[in-house]
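My entries follow in the order in which I took up each topic.

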Amino acid sequence: MPIIGSFGARACLALRLDHKRKLASDKLQHSKDYFAFVSSSPNYDDKIRAFHEPAYIGIAFGILEAYLMDSARVILQAFPDKLRDSPHKVKDALSSSYSSILQDAIDKQLNELGYKSIKDIIDTISELACNKPYTGSVEDLEEFKATRDIYTHNSGVPNEIYYKKAGAKARRRESQLLPLGEAYLMVGADGIISLINDFYSTRLERFSHYEKPVVLREMWELTCLCRVMPFDEAWSPLES
């Protein structure tokens, strides 16, 4: 049974998930255009490259992380019963405090999720959507993220943490900077775009029917109105 207060989130669930997919994909495409524009500047030299390429990988992967977290938030807002280990009894909350209690519970769960590997994050959101892990390959993106992390935390020099995160796709560069470069970064950005679209089509598109008519039916059938008249009979158009 839907938790009271989640009907509004369900009514716009399909639109919100599709909007976030399009927004993330568009941002990544714009980021590629931006990279090409900056790289083509006559003033683009090694000093600018040393700043620009690590900054780009951080932004590109950040778009993916934001997309995944935003999608998870939208699903949990629509289906609060999917929250796990919540310290709050959401279904028992007073209507005046329901929203803040729900958001606190979602924030706590997503904050914990954000520290996991990209595969664990994707699998968790996949299980929220359809109770099964994602079956697509994310190994290349795990390495892309590991490279982003090593530039953020160790100036681009690989260490044991990098090799552990990157797994089989790790690039061996002992005591040397991991190479970036336009080809590597554009392949990574394209991989993120492909993942976003595939994850949506194989996992999140199942919510595409969640629009106002579906939620109106849910609300109708939870009230005494369904005993007075079935939903289909009450809302069927009159024949001309």
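**Entries on aromatic rings**

I began with Tyr134, which counts as buried because its relative accessibility is 7%, under the 20% limit. I note that the model is a predicted one.

I then looked up Phe199 and found that this residue is buried too, because its relative accessible area is 1%, again under 20%.

Next I asked how many aromatic pairs the structure holds. I counted six aromatic pairs. Tyr134 and Phe199 form one of them, with an edge-to-face arrangement. I recorded 5.5 Å from centre to centre and 75° between the planes.

I also looked up where the two partners lie in the chain. Tyr134 belongs to the loop between α5 (118–130) and α6 (139–153), and Phe199 to helix α8 (residues 181–202). The two residues are 65 residues apart, and I therefore noted, with their burial at 7% and 1%, that the pair links distant parts of the chain.

I found both Tyr162 and Tyr163 to be buried.

**Entries on a cluster and on charges**

I looked for rings joined into a group and found that ring pairs link Phe61, Phe144 and Tyr184 into a cluster.

Which residue lies over the face of Tyr163? I found Arg172 there, at 4.1 Å from the ring centre.

Finally, I looked up Phe79: the charged end of Lys82 sits over its ring, 5.7 Å from the centre.

How values were computed. Residues are numbered from 1 along each chain as its sequence is written. This is a predicted model: local features need pLDDT of at least 70, side-chain atom pairs count only at pLDDT 80 or more; totals for chains, interfaces and linings use all residues. Side-chain values use heavy atoms; hydrogens and water are left out. Rings of Phe, Tyr and Trp (its six-membered ring) pair if their centres lie within 6.5 Å; planes under 30 degrees apart count as stacked, over 60 as edge-to-face and the rest as tilted. Helices (H or I, at least four residues) and strands (E, at least two) are DSSP runs, numbered from the N terminus. Buried means under 20% relative accessible area, exposed over 50%, partly exposed in between (1.4 Å probe, protein chains only). A charge sits over a ring if NZ of Lys or CZ of Arg is within 6 Å of the ring centre and within 35 degrees of the ring normal.
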